[in-house]
Amino acid sequence: EHGHQNLPEYSFELYNISIYRPEHVLPTVFFVRDNLVYPLTVEKYSADTVVASGAMKKGDVVVLKSAFYPGWTANGASTISVGNMNGIQLQSDTDSIAFTFDPLDYKIGVFLTLCGIILLAALIIKRNRVQEYLSKLSVSEPVSARKNRKKSKP
């Protein structure tokens, strides 16, 4: 009402707006070793690819802080759900990990969409031939009446 934010505990204020910065937030990509969380350095971050680097050992669980969905892979292997996030247990020592999102249902959707577009284009291009074919198929009496008529004749 008076134009002032009134958070009781805030980290800093910017243009009269109180901003709270939580102290304990998980990093974007991290690994867990001996029940301790270690952050990784993010080298590349996009909607479908996250590349991170750090000293990871066999048995570490590497986690990408994004919602789990089938189709995420880490260094070519499918990820598992770690809580609500994508993760993988390393099978060997590595200095870099690449998470990529390439779901099968997306590929199927693209394929079906392209098939629909091609079919629609073919129908538009060949619409005269399609109309002629459909007009040849039209009948003046119902199919059931024709069947009954054929059966009743000796």
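Two strands pair if DSSP finds at least two bridges between them. Helices (H or I, at least four residues) and strands (E, at least two) are DSSP runs, numbered from the N terminus. The structure is a predicted model, in which local features need pLDDT of at least 70 and side-chain atom pairs count only at pLDDT 80 or more, whereas totals for chains, interfaces and linings use all residues. Residues are numbered from 1 along each chain as its sequence is written, and side-chain values use heavy atoms, with hydrogens and water left out.

**Figure 1. Overview of the protein, with 3 helices and 12 strands.** Buried residues account for 17% of the 154 residues; here buried means under 20% relative accessible area, exposed over 50%, and partly exposed in between (1.4 Å probe, protein chains only). The accessible surface comes to about 12100 Å², and carbon and sulfur atoms contribute 58% of it. Such areas come from the Shrake-Rupley method with a 1.4 Å probe, and for residues only the protein chains shown count as cover. Among contacts (heavy atoms within 4.5 Å) between residues at least 6 apart in sequence, 49% join residues at least 24 apart.

**Figure 2. Strand β3 and its antiparallel partners β7 and β4.** Strand β3 (residues 29-33) is joined to strand β7 (residues 61-67) by 4 bridges. Another 4 bridges join β3 to strand β4 (residues 36-39). Val32 takes part on both sides: its bridge partner in β7 is Val61, and its bridge partner in β4 is Val37. The strands β3 and β4 form a hairpin with 2 residues between them.

**Figure 3. Two non-glycine residues with positive phi, Asp34 and Asn75.** Asp34, in the loop between β3 and β4, has a phi of about 55°. This residue is exposed, with a relative accessible area of 69%. Asn75 lies in the loop between β8 and β9 (77-78) and has a phi of about 50°. At 46% relative accessibility, Asn75 is partly exposed.

**Figure 4. The salt bridge between Asp60 and Arg33.** A salt bridge is a side-chain nitrogen of Lys or Arg within 4 Å of a carboxyl oxygen of Asp or Glu, and by this rule the count comes to 2. In the pair formed by Asp60 and Arg33, the closest N and O atoms are 2.8 Å apart. Asp60 belongs to the loop between β6 (49-56) and β7 and Arg33 to strand β3, so the pair ties together parts that are 27 residues apart in sequence. Asp60 is buried, at a relative accessible area of 2%.

**Figure 5. The salt bridge between Asp102 and Lys107.** The N to O distance for these two side chains is 3.2 Å. Asp102 is partly exposed, with a relative accessibility of 45%. Lys107 also counts as partly exposed, at 43%.

**Figure 6. The open sheet of 5 strands.** The strand order is β5-β6-β12-β8-β9, and the pairing is antiparallel. Strands β5 (41-45) and β9 stand at the edges with a single partner strand each, so one side of each lacks a neighbour in the sheet. Within this sheet, β8 and β12 are joined by 3 bridges, and Thr73 stands opposite Thr100 in β12.

Figure 7. The side chains of Ser53 and Glu43 are joined by a polar contact of 2.6 Å. A polar contact is a pair of N or O atoms within 3.5 Å; within protein, one must be able to donate a hydrogen and the other to accept it, and residues adjacent in sequence count only if both atoms are side-chain atoms. With residues up to four places away in sequence left out, Ser53 touches Leu40, Thr41, Glu43, Asp95 and Ser96.

**Figure 8. The largest nonpolar core, with 14 residues.** Such a core is a set of buried Ala, Val, Leu, Ile, Met, Phe, Trp, Tyr and Cys residues joined through side-chain atoms within 4.5 Å. Val29, Leu40, Met56, Val62, Leu64, Ile97 and Phe99 touch the most other members. Two or more residues come from each of β3, β6, β7, β8 (72-74) and β12 (94-101), and the largest share, 3 residues, is that of β6. Beyond its neighbours within four places in sequence, Val62 contacts Val29, Phe30, Phe31, Leu40, Met56, Asn86, Gly87, Ile88, Leu90, Ile97 and Phe99. In soluble globular proteins, nonpolar side chains tend to be buried together.
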